[in-house]
Amino acid sequence: IIMRKKFLIFFLLSISFTFAQEITGVTKTGDKYSSMIRKSIEGYFKNDFTVHEEISADDAVFTVNRETFSKDEIKAGFSAHHQLYTNINAPWLFVETTFYDENNNNQVWTHVWQMWEGTSKRNGEKSSGPVHSSFKWVDGKVVEGIYIYDTVPLSTEIAAVQKKKKK
């Protein structure tokens, strides 16, 4: 009888946890938003920000690890990577868009997970690290972008180049 009670309690808890998880939207990978973000990232690898310009609203706000930038500032910052690195690429890249339901204001967000990689122009060493980014869409334009990544390798490279220029 004790075993039956334990099984019944476990079963009821399992069911309640299963039904307690709310479905908040639909996630797709082959949609137009995922495709546009993927094209924008591919452009970044070539230092070509044409797609970024096309898909970003003029007043879009981009955040990199809690620092906020405008559309033009984020473009200039990411373009500067090409002054420091060659062979910028992503050995793996996953892009998906979630179309949230009315409980989440029908928001549309594209999420990116990738491994960023580049070779230092200064010393030829490869640098790599994971990047997560998310982009909020309104009326077919990115109005907000959020990037999260470890800035230490980039900051170290910038400091080394600046130190070399001072000599």
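## Fold at a glance

Strands here are DSSP runs of at least two residues marked E, helices are runs of H or I with at least four, and both are numbered from the N terminus. With that settled, the model you're looking at is a predicted one. By this count the protein chain has five helices and eight strands. Reading from the N terminus, the order is α-β-α-α-β-β-α-β-β-β-β-β-α.

The chain has 167 residues, and 34% of them are buried. Among contacts with a separation of 6 or more, 57% join residues 24 or more positions apart.

Now for the inside. In soluble globular proteins, nonpolar side chains tend to be buried together. The largest nonpolar core in this model has 28 residues, and the members that touch the most others are Ile37, Trp137 and Tyr147. Several elements each put at least two residues into this core: helices H2 (32-45) and H4 (71-84), along with strands E2 (56-64), E4, E6 (108-120), E7 (126-138) and E8 (141-149). H2 gives the largest share, five residues.

Trp137 is a handy place to start exploring. Setting aside neighbours within four places in sequence, Trp137 contacts Tyr33, Met36 and Ile37, and also Ile55, Val108, Trp109, Thr110 and Val142.

## Ile74 and its neighbours

Ile74 sits in helix H4. Its relative accessibility is 4%, so Ile74 counts as buried, the cut-off being under 20%. If you skip residues up to four places away in sequence, Ile74 touches His52, Phe62, Val64, Phe69 and Tyr147.

Gly145 is another residue to check from here. Ile74 and Gly145 are 71 residues apart in sequence, yet their C-alpha atoms are 9.8 Å apart in space.

## Aromatic pairs

A pair of aromatic rings is described by the distance of the centres and the angle of the planes. The structure holds nine such pairs. In one of them, Tyr33 and Phe99 are tilted, with 5.9 Å centre to centre and 55° between the planes. Tyr33 belongs to helix H2 and Phe99 to strand E5, so this pair ties together parts that are 66 residues apart in sequence. Tyr33 is buried, with a relative accessible area of 13%, while Phe99 is partly exposed at 24% relative accessibility.

Tyr44 and Phe45 make a tilted pair too, because their ring centres are 5.8 Å apart and their planes are at 50°. Tyr44 and Phe45 are both buried. They belong to an aromatic cluster that also takes in Phe49, Phe78, Phe135 and Tyr147.

## A nonpolar patch on the surface

Trp92, Phe94 and Trp113 form a nonpolar patch on the surface, and together they have about 310 Å² of accessible area. Trp92 lies in the loop between strand E4 (85-89) and strand E5 (93-100). At 44% relative accessibility, Trp92 counts as partly exposed.

## Loops and positive phi

Most residues other than glycine have a negative phi, and most peptide bonds are trans. Two loop residues here have a positive phi without being glycine. Arg66 has a phi of about 80° and lies in the loop between E2 and strand E3 (67-70). Asp139 has a phi near 50° and lies in the loop between E7 and E8.

Are these two buried or exposed? Arg66 is exposed, with a relative accessible area of 80%, and Asp139 is exposed as well, at 79% relative accessibility.

One more loop residue is worth a click. Asn123 lies in the loop between E6 and E7, and with a relative accessible area of 34%, Asn123 is partly exposed. Asn123 and Tyr85 are 38 residues apart in sequence, with 9.9 Å between their C-alpha atoms.

Methods: Residues numbered from 1 in each chain as written. Predicted model: local features only at pLDDT ≥ 70, side-chain atom pairs only at ≥ 80, totals over all residues. Heavy atoms only, no water. Patch = residues over 30% accessible without salt bridge, like charges linked within 9 Å, V, L, I, M, F, W, Y side chains within 5 Å. Areas by Shrake-Rupley, 256 points an atom, 1.4 Å probe, with all protein chains shown as cover. Salt bridge = Lys/Arg side-chain N within 4 Å of Asp/Glu carboxyl O. Buried < 20%, exposed > 50% of the residue type's maximum accessible area, 1.4 Å probe, protein only. Contact = heavy atoms within 4.5 Å. Core = buried A, V, L, I, M, F, W, Y, C linked by side-chain atoms within 4.5 Å. Phe/Tyr/Trp six-rings, centres within 6.5 Å; stacked < 30°, edge-to-face > 60°.
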